[in-house]
Amino acid sequence: MKAILLHKFGQPEALQFSETAKPVINNDQVLIKVIAAGINPVDAKIRSGLHRSSKSLQLPAILGKDVSGIIEQVGSNVSAFKIGDEIFGIVNGSYAAYTTASPDTIVKKPAHVSFYEAAAIPTAGLTAYQAVHEQLQIKAGQKVLIQSAAGGVGHLAVQFAKFAGAYVYGTASAKNAAFLSELGVDEIINYKEQKFEEIATELDAVMDTMGGEILYRAIKIVKPGGKVVCLPSSTKDDPIALKMAEERNIELIWPMMQPSKEQLQLFATWLEKEKLRVKVEKVFSLTDMVSAHKTIESHGVSGKIVAKIS
C-alpha cells in the first residue's frame, strides 16, 4: 500500500512517499481504508524527534493520528461496526492507504459531513474540548481568552466555550476577524496591532497556545483562583510561569489529550445537527506531505489542514 514513512527524525523532507505492507487486524480491530488524514502540530513534533513519544517510536514509522475513512474489514469480536461504515477518529498511522483501529477510538461519520471535515476534528477537537471543560472548567458568564482563536484547536475551543455560555476574547490576525465573528467571539483582538492584556482583563481562564512571554503576559490578567491551560508540551514546567502562577494563586496546567469515544460521539452529533463548524483551510495530497508539514510548522494556518489519502 501507499504510505508516508519516516525512517529518521528530522525536517519535513524526512517524510518519504513509499510502498509498504498493508496492515493486518486482530479480532478486536477494524481495518480502515483511509480517505483523509488530519495534520496536527504534534505530528511535526514527533517527526522532528522533539516530542516525548518520539523516544519510544520504532522507525520506520507511519505518522498521523486523525483519520476518516471506510471500514473494509471487521475483527470477529467487533460488533459496533460493519464493513462499509464511514468513520472518523483516532488511530496510529493515518498517513497511509490503510490503517487499523480499536472500536473504542472511532465513531460513525454523519453522512452529510465531508471526509475532510471529519479528519480535521479528532485531535484538535479533543484537545479543545478537554481544555475548555476538563482543565479550565468554563462556566456560563465566565470571561475567557483563547489565543490563536482562528487556529485548528482555537476555532473549536471558541465554539465549545460559547456553548458553555462564556464571554470569549480571541486573538487573531485581521484577516481572520470575520471568521471569528461568525463563531461568536465577543471581542476580537488583533495581536499584530493590539496588546491582549490591555483589552482582556480580570479573566477567569486563558487557553494559551504559545508559552514563553505570551504565557507570562496571560497569567498577569487572570484573577486569583483562575486557570490557565498552556498547550505546547515543550514549555511544560516553565519555572518562570510556575512562579508567577503560584504568586497569583492561579492553576497552571499543561494538558495531555486523551482519546474519548464519548467526546468523539458528541462531536459527531453536533456535526450532524450543524451546531459545530470545522474549518478546513487546505487539502494536500499524500505525495505532498512535506509541504503539509511545512505549512503546519508555519503557525499561520486558519482552521485545519488535511491530507487526501484516497
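Me: Which residues in H6 meet residues in H7?
Reply: This is a predicted model. On the H7 side, the contact involves Ile240, Ala241, Met244 and Ala245. On the H6 side, the residues are Leu215, Tyr216 and Ile219.

Me: Is H6 roughly parallel or roughly antiparallel to H7?
Reply: Helix H6 spans residues 212-219 and helix H7 spans residues 239-247. Their axes lie 10 Å apart, at an angle of about 0°. Angles under 35 degrees count as roughly parallel. So H6 is, relative to H7, roughly parallel.

Me: How many aromatic pairs does a search of the whole structure find, and is the pair of Phe160 and Trp270 stacked, edge-to-face or tilted?
Reply: The search of the whole structure gives 8 aromatic pairs. In the pair of Phe160 and Trp270, the ring centres are 5.8 Å apart and the planes make 40°.

Me: How many residues apart are Phe160 and Trp270?
Reply: Phe160 is in helix H4, residues 154-163. Trp270 is in helix H8, residues 261-272. The pair links distant parts of the chain, and the separation is 110 residues.

Me: What is the angle between the planes of Phe163 and Trp270?
Reply: These two rings form an aromatic pair, 5.0 Å centre to centre. Phe163 in helix H4 and Trp270 in helix H8 are 107 residues apart. The pair is edge-to-face, with the planes at 70°.

Me: Which residues form one aromatic cluster with Phe160, Phe163 and Trp270?
Reply: Phe160 and Trp270 are both buried. The cluster also takes in two further names.

Me: Which ring does the charged end of Lys279 sit over?
Reply: Elsewhere, Lys109 lies over the face of Phe115, at 4.6 Å from the ring centre. For Lys279, the charged end is 4.4 Å from the centre of its ring. That ring belongs to Phe179.

Me: Is Ile296 buried or exposed?
Reply: Ile296 is in helix H9, residues 289-296. Beyond its close sequence neighbours, Ile296 touches Ile39, Asn40, Pro41, Ala44, Val301 and Ile305. Its relative accessibility is 10%, under the 20% limit, so Ile296 is buried.

Me: Which residues is Thr123 in contact with, leaving aside neighbours within four places in sequence?
Reply: Thr123 is in helix H3, residues 122-135. At 8% relative accessibility, Thr123 is buried. Its contacts are Asn40, Lys65, Asp66, Ile90 and Met257.

Me: What separates the C-alpha atoms of Thr201 and Lys220?
Reply: Thr201 is in the loop between strand E10 and strand E11. At 35% relative accessibility, Thr201 is partly exposed. Thr201 and Lys220 are 19 residues apart along the chain, and their C-alpha atoms are separated by 8.8 Å.

Note on methods. Residues numbered from 1 in each chain as written. Predicted model: local features only at pLDDT ≥ 70, side-chain atom pairs only at ≥ 80, totals over all residues. Heavy atoms only, no water. Phe/Tyr/Trp six-rings, centres within 6.5 Å; stacked < 30°, edge-to-face > 60°. Helix = DSSP H or I, 4+ residues; strand = E, 2+ residues; numbered from the N terminus. Buried < 20%, exposed > 50% of the residue type's maximum accessible area, 1.4 Å probe, protein only. Lys NZ or Arg CZ within 6 Å of the ring centre and 35° of its normal. Axes fitted to C-alpha atoms, helices over the stretch in contact; angles between N-to-C directions. Parallel < 35°, antiparallel > 145°, perpendicular 65-115°, else oblique. Contact = heavy atoms within 4.5 Å.
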